[in-house]
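Could you walk me through this model in my viewer, one selection at a time? I would like to know what to click on next and what I will find there.

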Amino acid sequence: MSGTRLARNEQINGWLFIAPSVLLIGIFLVYPILWSLWMSFQVGKGMNFSFGGFTNIIRLTKDPIFQIALTNTLIFLVFQVPIMLTLALLLASALNDPKLKFRGFFRTAIFLPCVTSLVAYSALFRSMFSNEGVVNKTLMAMHIIDQPILWTSDPFWAKVLVISAITWRWTGYNMIFYLAALQNIDRSIYEAAKIDGVPAWARFTQITVPMLKPVILFTSVTSTIGTLQLFDEVFNITEGGPANATMTLSLYIYNLTFRFMPSFGYASTVSYVIVVGVAILSFVQFYLARERSRA
Amino acid sequence: MIARILTRGSLYVLMSLVAFVSVFPFYWMIVGATNTSSDVIRGKPTFGTALFDNIAHFFNLFDVPRVLLNTTIIAVVGTVLTLALSSLAGYGFEMFRSKFRDKLFGLMLTMLSIPFSALMIPLFIMMSQAGLMNTFVGIILPGIASIYIIFYFRQATKAFPSELRDAARIDGLKEWQIFLYVYLPVMRSTYAAATIIVFMANWNNYLWPLIILQSNENKVITLIISSMRSGYNPQFGAVMVAVVLATLPTLFIFFALQRRFVEGLLGSVK
Amino acid sequence: MNMSTNGWRRLIGAAVMAGASMLSVSAALATEITVWCWAPEFNGAAMKAAAEAYAKSNPDVTLNIVDFDKGALEQKLQTQLAAGITTDLPDIVLIEDYGAQKYLQSFPGAFESLTGKVDYSKFAPYKVSLATVGDNTYSLPFDSGATGLFYRTDLLDKAGFKPADLEGITWDRFIEIAKEVEAKTGQKMIDIDINDAGVIRIMLQSAGSWYFNADGSPNIVDNAVLKAALTTYQKILQSGIYKPVSGWNDYTAAFMGGEVASVYTGVWIVGGIKGNQELSGKWGVAPIPKLDGVEGATNFSNLGGSSWYVLASSPNKDAAIDFLNKVWAGDVDFYQKILVGQGAFGTWMPAREGDAYKSADPFFSNQPVWQNFSDWVQKIPGVNYGIFTNEADQAVLAQIPAIQAGGSIEDAIKAIDAQIQQQIQ
């Protein structure tokens with residue numbers, strides 16, 4: 001009797017807590033998403049639409065820029081996300097060590113990049129990485145290179161620049177999540193492991209990583225989504241160039257919608273490629289996390 | 001023992017290197033604000049004498065106090081509302097599990113992946129029909145139910161000790177009281193982290209305010225920086241002044257909340 | 001739960017109030033003409049000068065000039081036109097000439113035809129035709145993008161070249177001169193950002209050609225001018241006469257700061273060049289080089305330039321047209337003012353009778369710069385930019401690295417054509 005009442009209370013409370021957010025999401029996300037889904041089957045320029053069936057999907061398979069954008073996006077994903085998250089996790093666990101001196105200073109310093117706005121930091125990166133900018137000057141003074149690297153004119157280095165910029169901006173950001181989560185781990189577990197002679201690396205892989213799994217999952221899913229939607233950095237620092245070397249799917253959607261003759265239908269189709277991609281990758285990540293927790 | 005000292009030493013060298021790389025661009029923007037436009041582009045790494053000229057140029061071009069006030073209102077109201085609604089929902093999804101709501105949550109996560117540029121046009125139409133163009137409400141409203149932050153709070157709630165909730169229930173507290181008086185204080189550092197994230201996102205938002213805001217009186221800081229950068233003859237010293245001004249408030253929020261962090265960390269060490 | 005809901009309500013209420021107060025501010029003003037433009041120190045400043053000129057005779061009308069960056073302005077305009085919601089559009093908007101046909105043809109009815117309201121015979125003909133669809137012309141033409149070869153007289157002199165040696169030359173000769181300049185002065189002749197296809201557009205128009213035919217179909221594969229332009233550009237890229245730069249800021253910094261000896265670009269750069277007064281008296285201007293062995297090739301071309309458009313949805317469109325007519329198509333003094341103040345070179349011919357247009361400029365070694373440009377602007381071959389110039393530019397840019405590396409021009413043209421065909425469907 002009281003069991004069912006409790007269950008009903010759970011139900012009511014469950015809905016009450018989430019209702020305001022779910023309502024707003026319904027209005028400001030679900031409706032536009034459905035609109036966009038409908039659009040992805042439309043063809044035409046500007047506001048003259050007609051139903052095109054799978055025309056847009058066929059167009060995808062023949063579109064060289066789409067294929068370049070997709071490849072670039074995947075390259076960014078494969079290199080940038082693991083580098084950044086590993087770095088963030090290692091830095092967080094180093095900073096969580098009470099024996100490390102100047103922890104406050106290091107922590108603050110590494111956090112700092114995430115307070116800059118994208119407009120501000122892309123202005124900074126452009127000027128630092130210009131041909132005669134401070135980065136080239138420093139590298140040349142250190143005799144690492146003898147010619148300035150043309151950061152935004154060379155297809156390879158432009159990608160390196162974008163990956164460096166994102167990593168600079170977002171590593172500290174992800175570290176915040178790890179540090180916050182590390183506080184919830186009882187120090188005595190580490191102390192006990194230490195007394196048992198477990199080496200630092202093993203403490204990291206066997207205590208820190210498993211304990212942080214929910215947060216690692218969170219950051220890897222959000223970083224994956226962030227990278228698949230990569231727009232701000234390439235828009236502001238490289239403008240997708242040179243020769244589409246840093247063109248990403250989101251930037252291509254932006255071009256299709258705002259720079260080129262507007263093809264909203266086709267732009268919507270390209271955005272659903274991202275949706276499908278994220279859905280698959282998120283599923284894989286959740287699945288892997290679940291498998292490991294069972295083992 | 002020597003090996004240990006060496007590893008310690010290299011750890012400090014590495015950390016210092018990372019810290020230097022992280023902080024250098026901040027030094028760069030401050031130096032830039034004191035240099036003339038051509039010195040900024042040529043990468044002059046030392047302080048110059050053009051600071052006051054740059055400030056004067058920037059303040060002549062825009063109503064800077066007004067712009068900063070606008071940005072502050074949007075960021076503060078947006079942050080408070082986002083944290084309130086999203087932490088409620090994150091807590092709700094985790095604490096009151098049901099199959100249906102779990103599925104709903106999974107569905108919401110997939111929506112996270114829709115690129116914003118695909119939603120801009122329908123959102124714009126909705127805002128315009130609701131008469132919210134060129135208002136702060138129009139900027140704030142679509143962002144306050146953030147799936148991203150709900151997701152974050154839900155993950156963080158997994159670490160919230162359920163004994164605390166059970167104890168509170170036995171004490172006869174209602175669910176909203178548990179949330180307000182038990183959950184909220186316990187999750188202080190989670191809120192602090194989320195505040196930093198959401199405030200930064202609101203303060204630094206560019207694409208959406210660009211669509212919604214129409215008049216100079218309502219502009220936010222990111223819009224004026226980008227409009228300064230794109231002219232035929234941009235004044236980079238003045239741009240750097242703007243960049244510094246845009247960064248100061250977020251730095252301030254960050255330092256204010258970081259203290260919370262540090263307290264929390266020290267507390268857990270003791 | 002109740003208590004917290006009220007809390008939200010109060011907060012949302014506060015937010016609504018804050019927003020509403022903003023709304024009422026703008027609603028309280030009477031005849032206010034809103035203008036969108038994109039460069040606060042150039043066309044924004046020129047528009048402000050126009051507002052002052054108009055205010056003398058029309059004190060009851062105020063102008064609200066809003067600056068965006070160019071990409072942002074185009075994005076806002078396109079979003080709102082596409083959504084079919086015109087209530088939040090301005091009364092007057094500045095559009096770059098390359099994009100004019102795209103807007104006019106994709107959003108028919110969005111812009112007000114000014115035919116019969118503006119005396120177009122007083123404007124440079126090419127500016128009028130690029131804003132004409134059928135029998136209607138929609139723009140109030142603003143600045144010209146007439147091109148010039150801006151060069152450092154001191155450096156060229158050191159290398160043994162007089163101003164006359166730069167008049168009417170070909171690109172091949174330009175490369176020879178450039179090599180000579182570097183040998184004698186140690187400075188590169190030009191700087192190049194390979195992410196910018198402006199030079200191809202300059203070359204195409206200088207010979208009266210474009211990426212598209214008059215009917216809008218792509219004109220790539222059999223376009224002799226495009227082939228000559230790409231071949232010439234390849235020669236320039238392989239000759240080593242340039243300093244590579246990245247992005248617009250680096251690009252302008254190099255010649256403004258005196259690191260390279262010349263630049264070929266639109267006349268609107270004058271304001272920027274004059275920004276560095278240290279080099280006053282050391283600059284000169286010649287027409288740009290022309291393509292070799294191409295029928296119809298000239299030394300005159302255009303890069304950029306923009307015009308004002310009145311939105312058909314504007315409730316103040318009569319006031320807006322009156323304003324444009326009285327100042328932008330009627331005030332000679334105003335044109336002198338923006339020429340001196342912003343280096344804005346208008347395309348309203350009567351302005352050229354003013355003092356500023358006639359006088360020699362000490363900054364440019366006392367050459368009659370503005371008279372020269374007034375002559376050149378009339379010799380620019382007219383072309384139809386069509387509606388896909390942005391797409392074509394992207395297709396060309398994608399092939400530049402291959403061209404730079406010495407790749408076959410034929411292959412590049414095929415690839416450009418393939419990409420354009422794909423993009424314009």
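Start with chains A and C of this predicted model: select the place where they meet, and you will have 29 residues of chain A in contact with 29 residues of chain C. Now colour the helices of chain A.

Along the principal axes, the C-alpha atoms of chain A occupy a box of roughly 80 × 70 × 35 Å. Of its 295 residues, 50% count as buried. If you draw the contacts within chain A between residues at least 6 apart in sequence, 69% of them link residues at least 24 apart.

Next, two asparagines. Go to chain B and select B:Asn134, in the loop between helix 6 (116–129) and helix 7 (136–140). Its phi is positive, about 60 degrees, although B:Asn134 is not a glycine. Is B:Asn134 buried or exposed? Count the other C-beta atoms within 10 Å: there are 20, so B:Asn134 is buried, the cut-off for that being 20 or more.

For the last stop, move to chain C and pick C:Asn366, in the loop that runs between helix 14 (355–358) and helix 15 (369–379). C:Asn366 is not a glycine either, yet has a positive phi of about 60 degrees. Here the count within 10 Å is 12 other C-beta atoms, so C:Asn366 is exposed.

Terms used:
Residues numbered from 1 in each chain as written. Chains lettered and ligands numbered in written order. Predicted model: local features only at pLDDT ≥ 70, side-chain atom pairs only at ≥ 80, totals over all residues. Contact = placed C-beta atoms within 7 Å. Helix = DSSP H or I, 4+ residues; strand = E, 2+ residues; numbered from the N terminus.
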